[in-house]
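Could you take me through the aromatic rings in this structure, one stop at a time? I have it open in my viewer and would like to know what to select next.

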Amino acid sequence: MSLNRPAAADDARREVGGVVERVNAAVRAVAQPSLTQLVLRCGLAVPFWLSGVKKWDGFLQLNDVAVLLFSAEFQLHLPGGPYPFPAPEVVAFAVGSAEILLPILLVLGLATRLAALGLLVMTLVIQLTVPDGWPIHLTWAAMALAVMRWGPGRLSLDHWLGGRRI
């Protein structure tokens, strides 16, 4: 009987190992790299796009709230600060433009790594502006870094246009 126990344990380990491998294969089948990269790009683009559309009243017309936020509400929390944003109207226009343009590029997968870098820089500035938001900012930074590292994937204009685009 003691001879059967090691054999039974080996059989049980093989059976569990087989189940684990089938589950892993199913997960890999769902999480294809290009689909994962597309979802990652879209997930990073959404919060910036939603913030950007709230800043505009029309084509190239910032709303008053956007300018007010950068002139009166937002502060850069740097050592010795906080400090107001310099040239708040210019900063509001640049941020509002970037929050529209970069997510579009990201979703299309065009100049993908450059767009992700832009959103990473914006995330760092947002962190300096709203230090308590670090949990979500960390998530955005992780997504931007992943896109920058692994690129847009096959479901992108960068891939379809051929070559290694930034």
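Start by selecting Phe70, Phe74 and Phe85, which together make up one aromatic cluster. This is a predicted model, where local features need pLDDT of at least 70, side-chain atom pairs count only at pLDDT 80 or more, and totals for chains, interfaces and linings use all residues. Residues are numbered from 1 along each chain as its sequence is written, and side-chain values use heavy atoms, with hydrogens and water left out.

A pair of aromatic rings is described by how far apart the centres are and by the angle of the planes. Here, rings of Phe, Tyr and Trp (its six-membered ring) pair if their centres lie within 6.5 Å; planes under 30 degrees apart count as stacked, over 60 as edge-to-face and the rest as tilted. That rule gives four aromatic pairs.

Next, select Phe48 and Trp140: their ring centres are 5.0 Å apart and their planes at 55°, so this pair is tilted. Phe48 sits in helix H2 (residues 33–53) and Trp140 in helix H6 (residues 134–150), so the pair ties together parts 92 residues apart in sequence. Helices (H or I, at least four residues) and strands (E, at least two) are DSSP runs, numbered from the N terminus.

Phe48 is buried at 2%, and Trp140 is buried at 15%.

Last stop: select Trp56 and Phe93, an edge-to-face pair with 5.4 Å from centre to centre and 80° between the planes. Trp56 belongs to strand E1 (residues 56–58) and Phe93 to helix H4 (residues 88–108), 37 residues apart.

Note on methods
Buried < 20%, exposed > 50% of the residue type's maximum accessible area, 1.4 Å probe, protein only.
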